[in-house]
Amino acid sequence: MAIEEVCRIFQEYLWESIPHRLIAISKMEVVEQQCVKELYMPSIKAVTERDIEQHTFYPNQRRDEVIRNIVKGIVKYAVLSHRWCREGEVTLQEMTSGGTKLGKPSSRHKLANFCQRAAEYGCGFAWADTCCIDRSNPSPEELDKAMPRMFRWYRNAHVCIVHLAESSTLDDFLRDSWFLQIWTLQELLAPVRVKFYGRTWSPIHNTRADNDKADQRLLAALSTGTGIPVQDIRCYWAGTERVREKLMWASRRTSRQVEDGAYSLLALFDVHMHVEYGIGDEAFCRLMEVLLQRSQECDILAWAGIASTKYAFLPPSAQGYSAQCLDPSYNHSHDHYRLRGDQDMIVIDGRLRVKLLMVELHEATFGDGIPFLQDGYHACALFPKGLPSNVTINHVSIVSSNKTPWRPSRLALGVVDYGWTSDNERGLMEKGRTHFCLLFGVDDTQTSWQKLMTDKVVTIKTEDSIGQGLETILI
């Protein structure tokens with residue numbers, strides 16, 4: 001007799017944890033979950049109490065967790081990670097039209113090879129984003145459900161098969177444009193088991209290994225090429241911790257549509273928001289507003305370049321968090337765990353309210369002559385003066401989308417990641433530590449500090465500890 005609890009967890013698993021459409025490999029047809037349910041239900045009903053006992057590996061292991069692992073071992077499917085062919089891919093409509101027309105030859109060849117490799121892994125089903133999502137007229141409901149769940153779909157897959165169409169060996173695979181696409185970031189991090197195949201569908205490395213994430217040499221190459229620590233590649237957990245570091249990983253990648261720069265990251269941070277196209281960089285701003293509220297990590301403000309059109313305190317994309325924006329003296333990965341600053345910063349009416357440790361630059365000047373072009377923007381060098389002899393800041397330029405950058409009459413630095421003191425209204429610049437700052441200006445017509453945009457994150461270092469009062473700033 002079937003165990004009711006096993007059947008219930010099986011049905012929950014189908015609905016919550018795997019794609020709602022899959023390719024039945026034996027028929028090369030796209031099927032709905034009902035077909036998957038009917039195929040595997042006999043195996044699910046055959047699960048016994050003895051099976052549950054044998055799959056319990058440590059004391060006090062939750063019974064539902066054990067059953068879920070059994071279900072996952074029965075329901076095997078593979079997922080495809082790839083770059084789309086320029087001439088188009090096999091669509092859902094083509095797969096459901098009786099198989100008479102299946103896209104261009106290159107896309108048919110890729111789909112057939114993917115399903116063949118999936119079958120070699122013992123999978124009866126496969127999922128490809130090209131033909132398992134309706135892209136002819138995608139409904140907001142379908143996109144809203146699919147995008148935040150894709151991480152889970154890749155995580156629960158028996159194997160993720162990566163096709164690198166421009167590579168053939170371990171020596172050249174990091175030059176493949178697959179590593180430049182934003183959507184492939186979660187496709188690298190989410191799966192437990194990954195196998196890389198080259199342009200001819202031969203394994204990139206170690207033909208005998210079934211999981212490239214278990215290969216130390218390949219892991220080291222992936223870490224070097226992507227800037228992602230080996231541990232995160234091997235076993236990544238979604239969440240709103242280390243936000244800036246994850247955005248730096250994303251800054252190396254691009255998307256065809258501006259909004260995908262945000263939507264591709266939803267699952268990595270385990271957040272959900274409405275998917276809407278046609279809103280440009282506002283999508284990224286919406287994501288960042290959620291992350292600011294949830295993480296309260298002040299190094300989210302450690303970005304450089306031109307600000308978004310919506311918020312002066314946020315960049316328009318993850319490119320503002322690139323490694324090139326950081327001074328070598330600022331160790332972002334090490335200093336992240338020493339972050340202090342304002343843990344209660346909040347967005348009010350489109351402005352960020354944050355407490356900063358303000359350091360005024362009494363004699364700062366700008367570079368002489370005509371502003372120069374830098375990365376497509378107008379810029380002028382900043383020469384800080386008036387600082388105490390034991391305080392230094394890095395060399396930065398002020399950037400602007402205007403031909404003539406604003407040159408305020410007064411300048412100040414707002415130290416963001418200051419240390420805490422026993423007085424909530426005072427902060428501390430710690431001896432020998434590099435802190436990061438925001439640059440502010442004001443002229444004779446203004447009464448409050450205005451944030452300036454810089455080509456790099458501004459950093460400050462003091463040879464002696466300096467404590468002083470905090471100032472609440474609206475950005």
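Colleague: In which loop is the place of arginine 242?

Modeller: This is a predicted model, in which local features need pLDDT of at least 70 and side-chain atom pairs count only at pLDDT 80 or more, while totals for chains, interfaces and linings use all residues. Residues are numbered from 1 along each chain as its sequence is written, and side-chain values use heavy atoms, with hydrogens and water left out. Helices (H or I, at least four residues) and strands (E, at least two) are DSSP runs numbered from the N terminus. On that numbering, arginine 242 has its place in the loop between helix H10 (230-234) and helix H11 (243-250).

Colleague: Does arginine 242 count as buried or exposed?

Modeller: With a 1.4 Å probe and protein chains only, buried means under 20% relative accessible area, exposed over 50%, and partly exposed in between. Because its relative accessibility is 17%, arginine 242 counts as buried.

Colleague: Which side chain does a polar contact join to that of arginine 242?

Modeller: A polar contact is a pair of N or O atoms within 3.5 Å; within protein, one must be able to donate a hydrogen and the other to accept it, and residues adjacent in sequence count only if both atoms are side-chain atoms. At 2.7 Å, the partner of the arginine 242 side chain is that of aspartate 232.

Colleague: Which strand gives the most to the lining of the largest cavity?

Modeller: A cavity is a set of points, on a 1 Å grid over the protein atoms alone, where a 1.4 Å probe fits but cannot get out, and lining residues have an atom within 4 Å of a point. The structure holds 3 cavities of 30 Å³ or more, and about 60 Å³ of space lies in the largest, a volume being the space filled by probe spheres set on the points, which are joined across faces, edges and corners. Among the residues lining the largest cavity are Trp303, Cys437 and Lys451. With 3 residues, the strand that gives the most to this lining is S17 (residues 434-442).

Colleague: How many disulfides does a search of the whole structure find?

Modeller: A disulfide is a pair of cysteine sulfur atoms within 2.5 Å, and a search of the whole structure finds none. Cysteine 160 is in no disulfide, with the nearest cysteine sulfur, that of cysteine 123, 11 Å away. The sulfur of cysteine 298 is 11 Å from the closest cysteine sulfur, in cysteine 437, and therefore too far for a bond. The number of disulfides found is 0.

Note on methods. 1 Å grid on protein atoms, 1.4 Å probe; cavity = no way out; pocket = protein on both sides within 12 Å on 5 of 7 lines; lining within 4 Å.
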